[in-house]
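Okay, thanks for coming, everyone. Let me put a new one up on the screen, and then I'll walk you through it.

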Amino acid sequence: MGALPVFGWRLAPDGYATRRQLRARGLRPGGQEVAATLERPRRSRGPLVAHLYRVDLAQPVRPMTPGRWAALAKANLARRVCPACRRDAGYVIPTSLGTCVPCAYPGPGGPEGST
């Protein structure tokens, strides 16, 4: 495989799209390799690089099945359950804290008294 074509920022020709642009059209790369790259220059660091895929080779997004919905709900619930008190916090537990806010910063009455 040869070198990939490199385009300047906002200068990619029609027929190429990033993953996000494909998703907005209801498409996915579908296993194809990166077809080109976009580069946006920056002053103090290396350029920002975006991978481009060919739109004509993209495939439709696979629909969500009941099993996928259930797996997604289970994964999201696991992100909300505090490992210290085992309660559903009602929000995604911040990774910086590792526990729900009442467990991370207990009040005078402990985690139960601070909610």
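Before anything else, a word on "buried": I'm using it for a residue with under 20% relative accessible area, taken with a 1.4 Å probe and protein chains only. And keep in mind that what you're looking at is a predicted model.

So, how much of the chain is buried? Buried residues come to 20% of the 115 residues.

Now the layout. We've got 4 helices and 6 strands here, and if you trace the sequence along, you read β-β-α-β-β-β-β-α-α-α. The radius of gyration is 22 Å, while the globule rule gives 13 Å for 115 residues, so this chain is more spread out than a compact globule. You can see that in the C-alpha trace too, which spans about 65 × 45 × 25 Å along its principal axes.

Let's zoom in on strand 4, residues 36–40. Which strands does strand 4 pair with? One is strand 1, residues 6–8, running parallel over 3 bridges. In that pairing, glycine 8 has glutamate 39 as its bridge partner. Another is strand 5, residues 48–54, which is antiparallel to strand 4 over 5 bridges. There, threonine 37 sits opposite histidine 51.

What about contacts further apart in sequence? Taking contacts with a separation of 6 or more, 47% are between residues 24 or more positions apart.

Definitions and conventions: Residues are numbered from 1 along each chain as its sequence is written. This is a predicted model: local features need pLDDT of at least 70, side-chain atom pairs count only at pLDDT 80 or more; totals for chains, interfaces and linings use all residues. Side-chain values use heavy atoms; hydrogens and water are left out. Two strands pair if DSSP finds at least two bridges between them. Helices (H or I, at least four residues) and strands (E, at least two) are DSSP runs, numbered from the N terminus. The radius of gyration is taken over C-alpha atoms; the globule rule is 2.2 Å times the number of residues to the power 0.38. Buried means under 20% relative accessible area, exposed over 50%, partly exposed in between (1.4 Å probe, protein chains only). Contact means heavy atoms within 4.5 Å.
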